[in-house]
Amino acid sequence: MATGTAQKIEQLPIQNSSDVVAVRQRVRAWATELKFSLVEQTKIVTAASELARNTLEHGGGGLLELARVSNGTRQGIRLRFIDQGPGIADISLALQDGYSTGKGMGLGLGGSKRLMNEFNIEPTPGTGTTVTAIRWK
Amino acid sequence: MDRIPILRMGAFLLVTIQVDMHDQLALTLQDDLTNRITEVGAKGVLIDISSLEIVDSFIGRTLANIASMARVLDAETVVVGMQPAVAITLVELGMSLPGIRTALNVESGMNFLRETLVNNEEYDGDGDSTED
């Protein structure tokens, strides 16, 4: 998914559950700065929280690359979660509500996909997984 | 270690979540609340989440677990004050919090708990307010 041109980039580590809280706060700050509505901000931050936890629990930690993207006249926020974990064997299964290999409810991936406009999982077996999600204004 | 304070008011336990909870803090609250219900024989638990800017699936599940555990221990749980943006997001995320009783604010949440007590004919009506 190469939609949009990245303009401003920030990287945040995701190594423990305090980092997940820090991710929420930085994503909130970015979404506010980009003037998303309160409901949109809440959706973006919630998706970020789900995906950050996913990176931590299934990917064994990793990082979030936050970017401001534009596509013509549209502005958006791009969240890219990168881990070096075992990868996701069956992406369509992982996106199904209720499917979980961990201790969660199985809503993380499918739920955050619904909260964002664009969503992509790139498996790179052996080296990890990259989840990219964009919300346009 | 961080802890979310639990206040006791008569037969009820009151919790106001005012911080952005990391997962361990949510689990600690779940354990603490379950223990306090047993210790004091609480009949109701009110959880005020009006300061929470997001409820993700983990926090949602923790709230559902608290309500289930409380019910097993003969206490009702009511979650109050959810922000509209949080409610919209939760439903879209796929969580409708089944099994959790909600109320718009603390006052109607307390009314619900009191009515439940009266209906159970166990209300002693002393109205003591004890903070600890």
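Let's start with one residue, B:Ile59, which sits in helix H2 of chain B, the helix running over residues 57-72. Keep in mind that this is a predicted model.

Is B:Ile59 buried or exposed? It counts as buried, because B:Ile59 has 24 C-beta neighbours inside 10 Å. The cut-off for buried is 20 or more.

Now, which residues does B:Ile59 touch, once those up to four places away in sequence are left out? There are two names to note: B:Met21 and B:Ala26. Take B:Met21. Along the sequence, B:Met21 and B:Ile59 are 38 residues apart. In space, their C-alpha atoms are 8.2 Å apart.

How confident is the predictor here? Chain B has an average pLDDT of 90. In that chain, 90% of the residues score at least 70. For the complex, the ipTM is 0.87. The pTM is 0.89.

That brings us to the contact between the chains. Chain A puts in 24 residues, and chain B puts in 18 residues. Let's look at the chain A side. Which elements of chain A give two or more residues to the side that touches chain B? They are helix H1 (17-33), helix H2 (38-57) and helix H4 (108-115) of chain A. The largest share comes from H2(A), with 9 residues.

And the make-up of that side? By class, the side of chain A that touches chain B has 8 nonpolar residues, 10 polar and 6 charged.

To recap: B:Ile59 is buried, B:Ile59 touches B:Met21 and B:Ala26, and H2(A) gives the largest share of the chain A side that touches chain B. Thank you.

Terms used: Residues are numbered from 1 along each chain as its sequence is written. Chains are lettered from A and ligands numbered from 1 in the order in which they are written. This is a predicted model: local features need pLDDT of at least 70, side-chain atom pairs count only at pLDDT 80 or more; totals for chains, interfaces and linings use all residues. pLDDT is the predictor's confidence in each residue, from 0 to 100. Two residues are in contact if their C-beta atoms, placed from the backbone, lie within 7 Å. Helices (H or I, at least four residues) and strands (E, at least two) are DSSP runs, numbered from the N terminus. Ala, Val, Leu, Ile, Met, Phe, Trp, Tyr, Cys and Pro count as nonpolar, Asp, Glu, Lys and Arg as charged, and the others, Gly among them, as polar. A residue is buried if 20 or more other C-beta atoms lie within 10 Å of its own, exposed if 12 or fewer, and partly exposed in between; C-beta atoms are placed from the backbone.
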